Amino acid sequence: MNDERLRALSPLDGRYAGKTESLRDIASEYGLIRYRILVEVRWLLMLADSPQFSDVAAPGTATRQRLVALAEQFTLQDAERIKAIEAITNHDVKACEYFIAEQLKAFDDGDALVPFIHFGCTSEDINNLAYALMLRDARDDVALATLNACTEQLADMAGTHAATPMLSRTHGQTASPTTLGKELANVIARLDCTTDQWRCVAALGKFNGAVGNFNAHVAAYPDIDWPAFSDAFVESLGLVANPLTTQIEPHDWIAEYAHALLRINTVLLDFCRDTWSYISLGYFGQKRIEGEVGSSTMPHKVNPIDFENAEGNLGIANALLEHFAAKLPVSRWQRDLTDSTVLRNLGSALGYTLIAAASLQRGLGKLRVNEQRLAADLDASWEVLAEPIQTVMRRYGVADAYEQLKALTRGEAINAQTLHAFVSTLAIPDDARQALADLTPAGYTGLAEHLTKRMLELRRPQ
């Protein structure tokens with residue numbers, strides 16, 4: 001690890017820097033500046049290319065190529081120059097405007113375009129679109145693929161163990177058996193649903209001036225249909241236009257985005273805790289990694305560190321996401337600046353989510369199902385068959401069926417012989433009595449295997 005990472009204040013850029021690398025060009029300060037430049041350049045070119053704005057000179061070939069390169073091939077050196085300008089202006093968006101002007105002045109036809117950089121814009125026009133592009137790309141190009149990879153790992157395990165019987169534990173007590181695959185299928189179904197919801201959150205943007213009324217626009221060009229022109233620009237960026245705002249886009253969609261990701265993370269966190277517990281019970285073993293140490297003093301330990309790491313980082317991500325959702329839609333009057341510093345942390349929530357997902361994938365790769373332990377737990381829990389026995393008794397009209405099984409089993413040590421002796425006395429058809437006598441805890445899994453396979457077959461590709 002280099003000095004820069006060792007001295008990082010946040011583990012996102014220190015200990016876990018390798019796991020957040022895919023977000024660096026999107027959700028970093030560099031990424032934000034890059035998106036600002038993209039918006040500024042695309043706006044300038046839209047004005048220059050529209051016949052409605054005859055005052056805006058069309059750029060020559062070389063000038064246009066440089067503008068397009070700024071938008072599409074923005075470099076770290078470009079960002080460093082903007083930060084140098086910002087050190088003088090003490091205004092980040094104005095620094096972007098001055099940077100573009102500086103670039104244009106290198107061309108003979110550039111001076112004519114300079115007055116139309118940032119034309120009619122307030123800083124929030126640029127920033128809200130930059131953040132919308134950032135959040136959209138972080139989700140669509142990075143995070144969804146990582147989260148889907150976790151889900152697909154679970155789907156592979158669910159298919160392999162669709163029929164592997166496992167004791168359920170409602171309220172922490174022995175309960176009607178299930179299969180390991182079915183319990184994983186429950187998680188997959190929840191992840192598919194929440195992931196679809198996150199994917200479908202539309203990224204909104206506004207581009208309507210200082211207080212959302214196109215005041216300056218109308219003063220300069222009163223005959224332009226500014227709402228339509230603005231909507232067309234926002235939509236050209238692949239965003240959805242918000243037609244009615246104050247100075248700021250109200251961030252309601254970001255709150256929805258944050259809550260949707262929070263729900264995905266909550267499902268994953270729930271799974272991490274359950275898996276930790278199953279490892280504790282011995283249902284899962286863990287593949288030993290050569291050279292890895294589980295405890296500094298107890299040599300035998302193989303700790304569930306990946307699931308613990310994932311749980312911890314999901315908690316941090318969710319704390320941030322909850323704050324975004326609660327704070328960002330609240331702004332005094334037409335605008336205050338409290339959202340600005342909060343928005344700069346959007347990438348952190350995504351980063352902690354990626355760290356958690358990477359840990360979860362690593363943990364899943366280490367899991368080894370201990371079918372002997374699963375079978376032993378089932379064989380020690382014959383009391384779970386009180387449910388089918390009393391249910392069959394009810395079918396055939398046996399009085400006080402539930403009460404009889406309650407008296408026999410509640411708080412008592414029950415084994416196969418106890419239940420078989422009871423079943424042999426029942427006044428029910430011979431075939432029903434025999435079916436109950438043949439039943440075992442491992443065989444009492446209902447439609448768990450069928451439900452698992454059906455869900456896996458019906459899943460849409462992620």
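Helices here are DSSP runs of H or I with at least four residues, numbered from the N terminus. With that in hand, let's start the tour.

This is a predicted model, in which local features need pLDDT of at least 70 and side-chain atom pairs count only at pLDDT 80 or more, while totals for chains, interfaces and linings use all residues. Residues are numbered from 1 along each chain as its sequence is written, and side-chain values use heavy atoms, with hydrogens and water left out.

**Stop 1: Ser359**

Select helix 14, residues 346–366, and pick out Ser359 in it. Is Ser359 buried or exposed? Its relative accessible area is 1%, so Ser359 is buried (buried means under 20% relative accessible area, exposed over 50%, partly exposed in between, with a 1.4 Å probe and protein chains only). Now show its surroundings: leaving out residues up to four places away in sequence, Ser359 touches Lys19, Asp306, Asn309 and Ala310 (contact means heavy atoms within 4.5 Å).

**Stop 2: the nonpolar cores**

Next, colour the buried Ala, Val, Leu, Ile, Met, Phe, Trp, Tyr and Cys residues; a set of them joined through side-chain atoms within 4.5 Å is a nonpolar core. The largest such core has 136 residues, and Ile37, Trp198 and Ile389 have the most contacts inside it. Helix 7, residues 123–160, supplies the largest share of this core, 18 residues. Another core lies apart from it and has five residues, including Leu12, Tyr16, Ala317 and Tyr352.

Zoom in on Ile37: beyond its neighbours within four places in sequence, this residue is in contact with Leu70, Phe74, Ile82, Cys96, Phe99 and Ile100.

**Stop 3**

**Stop 4: the cysteines**

How many disulfides are there? The count is zero, taking a disulfide as a pair of cysteine sulfur atoms within 2.5 Å. For Cys150, the nearest cysteine sulfur belongs to Cys272, 8.8 Å away. Cys150 counts as buried, at 1% relative accessibility. Finish at Cys193, where the nearest cysteine sulfur, that of Cys200, is 10 Å away. Cys193 counts as partly exposed, at 41% relative accessibility.

Technical notes
Helix = DSSP H or I, 4+ residues; strand = E, 2+ residues; numbered from the N terminus.
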